[in-house]
Every structure is written in structure tokens, then in C-alpha cells.
Protein chains: 2
Amino acid sequence: MNKAFKGYRCTVCQTFYTPQRDLMACPSCGGILEIEYDYDLLKETIDIDYFKNHPDRSMFRYLPLISVHEPVHKNMLKVGWTPLYRSINLKDQLGLKELHIKDEGLNPSGSLKDRASAIAVIKAKEGKHDVISCSSTGNAASSLAAQAARAGLKTVIFVPKRAPVGKVNQLMVYGARVIRVDGDYKDAYDLSKRAIETYGWYNRNAAINPHLVEGKKTVAYEIIEQLGFHPTDWVAVSVGDGCTLAGIYKGFYDFKKLNLIDRIPRLLAVQSEGCAPLYEAARLQKPPRPTEEDTLADSIAVGIPRNPIKALSAVIESKGQWITVTDEDILKAMRRLGETEGIFGEPAATATLAGIGKALEQGIIKPDETVTYVMTGNGLKDPKNAAKAVDEPVLLKPNFNELDKYLKDKGDIPDV
Amino acid sequence: MNKAFKGYRCTVCQTFYTPQRDLMACPSCGGILEIEYDYDLLKETIDIDYFKNHPDRSMFRYLPLISVHEPVHKNMLKVGWTPLYRSINLKDQLGLKELHIKDEGLNPSGSLKDRASAIAVIKAKEGKHDVISCSSTGNAASSLAAQAARAGLKTVIFVPKRAPVGKVNQLMVYGARVIRVDGDYKDAYDLSKRAIETYGWYNRNAAINPHLVEGKKTVAYEIIEQLGFHPTDWVAVSVGDGCTLAGIYKGFYDFKKLNLIDRIPRLLAVQSEGCAPLYEAARLQKPPRPTEEDTLADSIAVGIPRNPIKALSAVIESKGQWITVTDEDILKAMRRLGETEGIFGEPAATATLAGIGKALEQGIIKPDETVTYVMTGNGLKDPKNAAKAVDEPVLLKPNFNELDKYLKDKGDIPDV
């Protein structure tokens, strides 16, 4: 029993609820719930010394700060404590004082979403569910399918027709029941909602399930710890549904409330030009309007973001900024990240890097500021778009003279 | 300067050489060299206490046991200290007392080969090289390209025509110069050899480069540490070139020499039926003969293994066993691993699981024995074969009644 988990507060009508089984949206108004903690109680045990030499090198080192009761984490896939790299080459190329890259592609199923799914599986077990379900463009689904398989739970996953084949195959290997919905993300979401209500499955849909943000926030905790409790001026991340952005903000918020940091970094929220309802909402200072999902960055192609309130206020509260990038920027950034740092990111993840570059060009981020780049997903997940980012490799006969000529043409060896 | 690195001994003619720049094969007979250490010197500092609370959670915690001099590891991609999972579901399904799974797919570029490439990059820097080259079916190449990009070195990679597109794209994203050779692995290898000799590039070809095994051995160190210095009865791994197997043996050998363990686990060496020259060599007690490369497990499809001596003797010395599995076994094992443990492995990695299953059936491994399964590569690397392992997902209209009927047909929900 986590005594610091006080309860839920509705982000719309502000009603407060004490901890209870399977509470999702606000029973009173349908608003999204936010988990609240007793920070004074947490302060009694959680300080910087608490983290020094903490033996658990995974997100579960933060268990006292997460709204779960059951200590079922011992037999789970290891999520979190991913590397935070200090950039060398990329920083110089961008003309930036300091850049850190958080490689979330090294989580068990290859994305930051593993953090949320780990919590979903724990909460499903707490609620004595045998089946967990969600709709997802891919990463939420595969992370759920992986963690649920390990935990012996069944998963039913709804994906839109356009979900990349690599992501769909991955979750089928994990044994998930996959329902490919002949429509877009909204169609997949609506069908999953109906099924979850009808069959009583545990709901892992982001935004609706208030505990998922509590998993995602651990990436912010780690960034703080890995930076020696001195976070960078900016933290950049790409945004689809808005839940990851909200989670990152929550992580910084918690640590500030616990006096572990003295300020919250400014959040650079990056959307794809082809699907930027939150960017537009921030610009127009109006609620987001449903938009087309016309971008190759499928993980952030969400025409109707489910978490606009938390996402928009995260940027406002942190004095951050919204920015958009094109598909071309995203593919260029994919090569740039690979070539300079040896990290392979999926389009939604390299969108963030493209956004950092653009923010520098536009003077939003200054060259003498410091930035943490949250690299949200592994490039191996989306080979089709990786192929678009690179040239076709040359095919040569096994003949040395042909090779020599080719390398000289390319300038790889001197033509003497 | 690593004083414990005594030198090289030829595995064929036994000639000994002191440490020197860029030494590859034996200058006297062309045989493969083995690195030798001064174990008495190492014993002065390396004991179980040395590892307790060692702050470095990567393969570089073992730096005193590796044949490198330059401490350039600070700015490298984090390789190693991958999770070792105690199996729950899979162990029961196999009918095995205890099974541990070492998930090497969570290394930076997604495979165990990252361990070897990290060492290659350090040695290339020691030798003041600007270009590193290798021929590879994929994982050696992408791991090299990633680590070299981070280190600011250039890579030229030779791949056989059949290399999976996902793997090729990955290394092009890392900025490697990729030469796709219109032929098989041997053709790619021969062309790379000629180019390396001609242009003076650093050679990362496994078997030829004696330091790569020293990187790979760290996976055995980690397994021992993660099992509390009590290794399992068996350690299973699939075999292509033979270098990974040789590396694992070397790791156990080192720790035994240092009195950190009292016995070396028996090695289960798994090859694919479609390309099993080492299995055949062991069976016939003769040197391996060139064979076809007819298996979907491309990472172990090596018709002319370059490291037969070390590989064959590793199995003999450990009182291990060779076994082969079919492509069908490999795909079944891919689903099995995913469904039971939430781990997605590439074919060469799930071949090992298939081999464990077959070894149990044949009584080679007994149900009351304990096994460590070295899961060598991430399934995301090879979406084409993952697609073969799973059924096509159903495509449904966004209509609840259609869904309900489908789920009842499948038995996912009761048909009442």
C-alpha cells in the first residue's frame, strides 16, 4: 500500500477521489484525472541520499512515487534507467552549449511507452484483471503486449490500418490479439473503448487511464538524477496524444515539490506539421480541433489528442514552447542523429531533434543554453521510413577493381 | 596501459607475441591469435568484492580484464549490463528446473555484437586509424557503425546481397559506407579483406581480430555476476562464425582462472540445419567443410566459419554439446519466447531457444538442470522473418458487432 498516493483530482471539474479500483475518467464530468501525492509524507524518506547507491537500476527505483500498491515489479521486464548520453558531435553540429540524449529506444520493447505499460500491468493485476486492452499506433501496444506476456496476462490491441508492419508483427510475436481496424486512430480508439466497456477489460488507453502518466514521469526523474540533480535549461520531446509531455512535466513537478530541484526545465513540445492540433491550439489559445494525420511519424500522428489540458498546461507552466517540423526535417534528423551519435531513432523520436534544430534557428533556444533531448523510440521499429531516410546502398560485383573505382569516385580513398 | 595483457598466442603454431599495434592473425603461420593475461597480477585486485557496488553498469566495468590500453570508454555508447531475466512461464513450458534469459537485444544497436565493436573502436583509436571496416551479415556491421559514429570514425561495411534490408538501413542511418556485394558472405568477406589490406583500414572482421572475443567474453562475466557467481549447469548460444561461442567460453575461463567460479558451465552450441559446418565438424571430428548458407537465421548463416578451432574446443573443454534446429523450429521459438516472456528475438537468437527445447527432448539437458539462454539479438532487426513467425492480423471494419462476432469465434470472450 502506497500511503503517499492520496487520490485523484479531475483536471476539469477539480473533484477529488480517494484511491479506488479501476478508476479511469472522472465519474462526475468525464474529465481526465490527475494523481495526487502527499509530498510532505514523501519528503520524510525521499531526498538525494535516498537515490545514492539505490540498488534498483530501473524505473522501479521510484516506486514510492508511483500510484501502485502491489510490489509485483520483481518479475517484470526491466524498464527504464536508459542511458543519458552527453553529446559530443551533434552538439557541435547544432552549435549548442550542451546537449544530452536520453535513449529510450533501449527499453524492453524499444520505446518510452514501456514505462506506462509497466504501470498498466501492475494496476491490472491489482484490479484482478486477466485481459488488458488499448488502441495504439504501435508503441503503447507493443510495450503492453511485451510486459503483459511476461506477467501472464492477455492483451487485445486495436491498431489503425496504417500502423507500420514491423510494429504490428512485434506485438503479434508477443502473443497479443491484434484487431487491425479499417480506419484511422480515432476509429481504432472508439472501437477499443466500446469493447473495454462491454467486456470489462483493463483499460490501457493513454489519457483515460490516469496511472500511465505516473509511469512516464519516471523518465524525468532519471534525467534529473543522471544530470546530478541539475537539469538542463530545456527538455525537448515530440507530442502526439500529449501524455508523454504531461508525464515529463509531472516528473519535474514532483521533484520540485520534493525540493530535489529548484526549477522546472522549459519544455520544447514538438509536433509534425502534418498533424499538429496541439501546436495550433497553443497558437490560437483555443481547444484543439480534430486534424488530419498526415505525417510519417506515426507515433505522434494523433488527430484528436486525448490529453490536451495536461499537455498544453505543461508547456505554459514550464514557460516552454510549441514548434512543428516537416517530414523532410524528420528524416534528415534521423540521419543526423545516427551519423553523429550512433543512435537510431524512429521518426517520432527524430522529430524532436528536428525541433531542437529549428528552435535554435528561430532563437527560441539560445546557443548558450543546455538541452536534454528525449529520444522516445527505436528506429528499428519502422524500417520503411528508415529506408526513406537513407540512399539505396550500392551493389557491386565481388571484384576489387570495381570497388576501388567506386571508393575513389566517392572520395573515400585518395585518387592517386 | 593494461599491464595484465601479456600478449598473443597463436592457436595453431603456439607462437607467443607481446602486445603490439594492429596485430591480427599470426605473422608466422596465419593462425588465429588468442589474448593471454597475467592472472596472478589480476588476482591482486580482482575478486568478488571488486565487483560489489562497482559503479559502472556496462561492459566497461571489466576493463582491467580486456586487452585495451586507452581509457576512451567514457564517451562511448553504453554496451552491456543487459538484463538477465529469471524465466517464469517459459521455464514451465519447457519443463526445466531453472532458466535465465540474457537479453542482449537491449544493447545500443540491438545485439551482443555491440560488445565486440566497442573494443574494435577502442583498438582502432589506439592504432590511430580513421577508418574501420568489416564484412558482416548485419549485426557486427551495425554495432560497429553505431559505435564508430559516436567516436567520430568512418566505417566501410561489406554485406552479402541477402543481408536483411532493416539491418542495412540501420547501418546507413549510422552513416556507414555500405558496399553490398553481389554474392554470399564469403564473397563479402574476401572483398573486405583485400580492401583492408590495400587501404590500411582497421580490421573488425571477427576471428581475424583477436580483440573482439575479449569484448564478447564480457557477456559471460555478466551472467556470472548476475547469477551471484553461481552459473547455471548449461549456457546455450547459437553459432555462426564461432566467435561469440569462443568469447563466452573465454569469459568463463577467465573467471575460473581468477577463482571467481569453480567450474565452467557446459556450452550448448546451436546451429541451423541449413548451415551447420561446425556441428558437422564436431560430429565427424574433422575440420569444417564449406557449406551452403540455407537458413533464415542470417546472423548465424556462415558457410565458412572463421573461428573453428576456438569454437570447437570451447564445446569440448566445457563438456558441452552441438545441436541443430530447423527454420521452422526457429520461427516457433520466436513466438514462444515472445508469448511467454515478452522478449522479441531475431531468428539467430531464437534458434538458441529451439536448441534448448530439442536438447531437453533428446535428454542432453535434463529437466532438473539449470540453463542460461543467451538471447543474442533484437527481433526488430528482421521484420521480414518476424512476419513469417506470426499470422496476418485480422482487418475489421470499425463496427462493434463485427468485432464481437470475431472475438467469440476466437474464444477470446464467452459466446453466451
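In this predicted model, the largest nonpolar core has 261 residues, and A:Ile157 and B:Ile157 touch the most other members of that core. Leaving aside residues up to four places away in sequence, A:Ile157 touches A:Cys134, A:Ser136, A:Ala141, A:Ala145, A:Leu171, A:Ala176, A:Arg177, A:Val178 and A:Ile179.

**How the two chains are related**

Two copies of a chain are related by a rotation about an axis and a shift along it.

**Where the chains meet**

The contact takes 66 residues from chain A and 66 residues from chain B. On the side of chain B that touches chain A, each of the elements tabulated here supplies at least two residues.

| Element of chain B | Residues |
|---|---|
| Helix H5 | 139-151 |
| Helix H6 | 165-173 |
| Strand S8 | 177-181 |
| Helix H7 | 185-199 |
| Helix H13 | 327-341 |
| Helix H15 | 383-389 |
| Strand S14 | 394-396 |
| Helix H16 | 400-410 |

H6(B) gives the most to this side, with 7 residues. By residue type, the side of chain B that touches chain A divides into 35 nonpolar, 16 polar and 15 charged residues. Of the interface residues of chain B, 100% are also interface residues in chain A, so the copies meet through the same surface.

Strands also pair between the chains. Strand S14 of chain A (residues 394-396) pairs with S8(B) in the parallel sense, over 3 bridges. In this pairing, A:Leu396 stands opposite B:Val181 in S8(B).

**Two places in chain A**

Is A:Tyr185 buried or exposed? A residue is buried if 20 or more other C-beta atoms lie within 10 Å of its own. A:Tyr185 has 26 other C-beta atoms within 10 Å and is therefore buried. A:Tyr185 is found in helix H7 of chain A, which covers residues 185-199. From A:Tyr185 to A:Val235 there are 50 residues in sequence and 27 Å in space, C-alpha to C-alpha.

Helix H4 of chain A runs over residues 113-126, which makes 14 residues. Just after H4(A), A:Lys128 takes a positive phi of about 60°.

Methods: Residues numbered from 1 in each chain as written. Chains lettered and ligands numbered in written order. Predicted model: local features only at pLDDT ≥ 70, side-chain atom pairs only at ≥ 80, totals over all residues. Contact = placed C-beta atoms within 7 Å. Helix = DSSP H or I, 4+ residues; strand = E, 2+ residues; numbered from the N terminus. Nonpolar A, V, L, I, M, F, W, Y, C, P; charged D, E, K, R; others polar. Pairing = 2+ DSSP bridges. Core = buried A, V, L, I, M, F, W, Y, C linked by C-beta atoms within 7 Å. Buried ≥ 20, exposed ≤ 12 C-beta atoms within 10 Å, placed from the backbone. Expected span 1.5 Å × (residues − 1).
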